[in-house]
Amino acid sequence: DGMNVLFIIVDDLRPVLGCYGDKLVKSPNIDQLASQSIVFSNAYAQQAVCAPSRVSFLTGRRPDTTRLYDFYSYWRVHAGNYSTMPQYFKENGYMTLSVGKVFHPGVSSNYSDDYPYSWSIPPFHPSAEKHENDKTCRGKDGKLFANLVCPVDVTEMPGGTLPDIQSTEEAIHLLNIMKTNRQKFFLAVGYHKPHIPLRYPQEFLKLYPLENITLAPDPWVPKKLPSVAYNPWMDIRQRDDVEALNVSFPYGPLPDDFQRQIRQSYYAAVSYLDVQIGLLLNALDNVGLSHNTIVVFTADHGWSLGEHGEWAKYSNFDVATRVPLMFYVPGMTTSPVSHGARIFPYLDPFSHTGGSAPQGQIKKVVELVSLFSTLADLAGLQVPPACPEMSFGVVLCTEGTSLVHYFNVSEGMVEEGKERCDDTDRCFKEEPFAFSQYPRPADTPQWNSDKPKLKDIRIMGYSMRTVDYRYTVWVQFDPHNFSANFEDVHAGELYMMENDPNQDYNIYNNTSHGWFFKKMLD
């Protein structure tokens, strides 16, 4: 009679949310979820690009174990027949359902979103998804373009809708069926926005007058940024409106006013997403399942909004790797919830003011690779064993650890209680850290630096983030045998968080970093 799971995964969402302290963004429904949840303020993806990150957290293995750094291989064939989180729930008697973008579609999930292994019924994809990159954005001259910045009149869109609206409708439909059938479920809902193009209903622009929008605090390429670390944001250069600006490759900055427009549209897309989440959670109340459904909310990675002169994902900086992560567990993150209680009344971002504080903010550094163990633990299933050093032949194991021991801190959530330690924990005698990595084809920015294919990868940037610092080494990598050579370091980065929270001043070259290097190799 365990809990149901509603797993909400958002594409390219960095934590620009009221509940993460953002003063500008209007996200009342996500904030309301946070107010009933444990919120991790320092959660990181293992690689800042869609397919590798999703396969990593859905299998509970790091990119070096899934061997997916691009979009072009299926882990069961190419690495090992690893069980996934939804598969594990399915094998434990859950009805597992996928709506929208959960696995990255295409070869990396066997052109089937890993059905039938992971899902009880074939995954749902919104029909409007196929129009995402069409010319549906009206320019000043009334003509249609395939722009980056793309507020639209939904009634003029093909089918009169947008993908995330369709996904919300389908998820609500499935919740109603689950209620009627009284079936234990694991429902994953993957939202497309704020992934580019920034295509959303135009009324959301009203929430963000352009005069309130600032540039990034550090919109320049840092002097000491190694060229291998820079991502040249090719995907946005290819949109009609950006292409028309004729920006020089790779470092030429976008004009300030256009930077503001991108930021404005990103925030507007986040508020549009917030409305979808609000409708979905309100439906959970309506079907009377808020009292026995765990809700997880996270993203596959972040997205740079002009910081370091960069846009999009494809880097090891916090802006690309850090994600929102929160868990609502009735009776655990909240006092016991009575059957039929209203936990998630829908809040309209156009009229709702005032935020609500999260139940508990955990500042410990955590990784998305820990989602699998954490959700199994919360649902009362056996936590999959920790993977051995070499786990290509091991079907069920995970490289993350359950985060549940962080939940049981007393009322004063912020105080860092002594963690209890058992054998399954990578016993946290010292600061926990998050690992991310990013591949590059060369030492200098190329047209394929953002998304090199496996065969073109020559360098891997391994990055370690603790509460105090981010340390990254860019080392030689051989794509034929998947080996990194830590003897051959091409470049390094070291940022101390206390006096450089935006990671602008690389002190790698004026620091002895043997200690960091040793920690990374441990």
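Student: What does the side chain of serine 35 reach?
Tutor: In this predicted model, the serine 35 side chain reaches the backbone oxygen of glutamine 32 at 2.6 Å. A polar contact is a pair of N or O atoms within 3.5 Å; within protein, one must be able to donate a hydrogen and the other to accept it, and residues adjacent in sequence count only if both atoms are side-chain atoms.

Student: Where is serine 35 placed, and is serine 35 buried or exposed?
Tutor: Serine 35 is in helix α1, residues 28-35. Helices (H or I, at least four residues) and strands (E, at least two) are DSSP runs, numbered from the N terminus. Serine 35 is buried, at a relative accessible area of 10%; buried means under 20%, exposed over 50%, and partly exposed in between, with a 1.4 Å probe and protein chains only.

Student: What is the average pLDDT of the chain?
Tutor: The chain average is 93, and 94% of the residues score at least 70. pLDDT is the predictor's confidence in each residue, from 0 to 100.

Student: Where is the pLDDT below 50?
Tutor: Over residues 410-429. That stretch has 29 contacts in the model beyond near neighbours in sequence, a contact being heavy atoms within 4.5 Å. Where pLDDT is low, the coordinates should not be read in detail.

Student: Switching to backbone. Which residues does a cis peptide bond join?
Tutor: One joins lysine 193 and proline 194, with omega about 5°. Proline 194 lies in the loop between β7 (185-191) and β8 (198-201). Another joins phenylalanine 249 and proline 250, with omega about -5°. Proline 250 is in the loop between α8 (240-243) and α9.

Student: Which residues other than glycine have a positive phi?
Tutor: Tryptophan 233 has a phi of about 45°; histidine 308 has one near 60°. Tryptophan 233 sits in the loop between β8 and α7 (234-237), and histidine 308 in the loop between β10 (304-305) and β11 (311-312).

Student: Are those two buried or exposed?
Tutor: Tryptophan 233 is buried at 0% relative accessibility. Histidine 308 is buried too, with a relative accessible area of 1%.

Notes
Residues numbered from 1 in each chain as written. Predicted model: local features only at pLDDT ≥ 70, side-chain atom pairs only at ≥ 80, totals over all residues. Heavy atoms only, no water.
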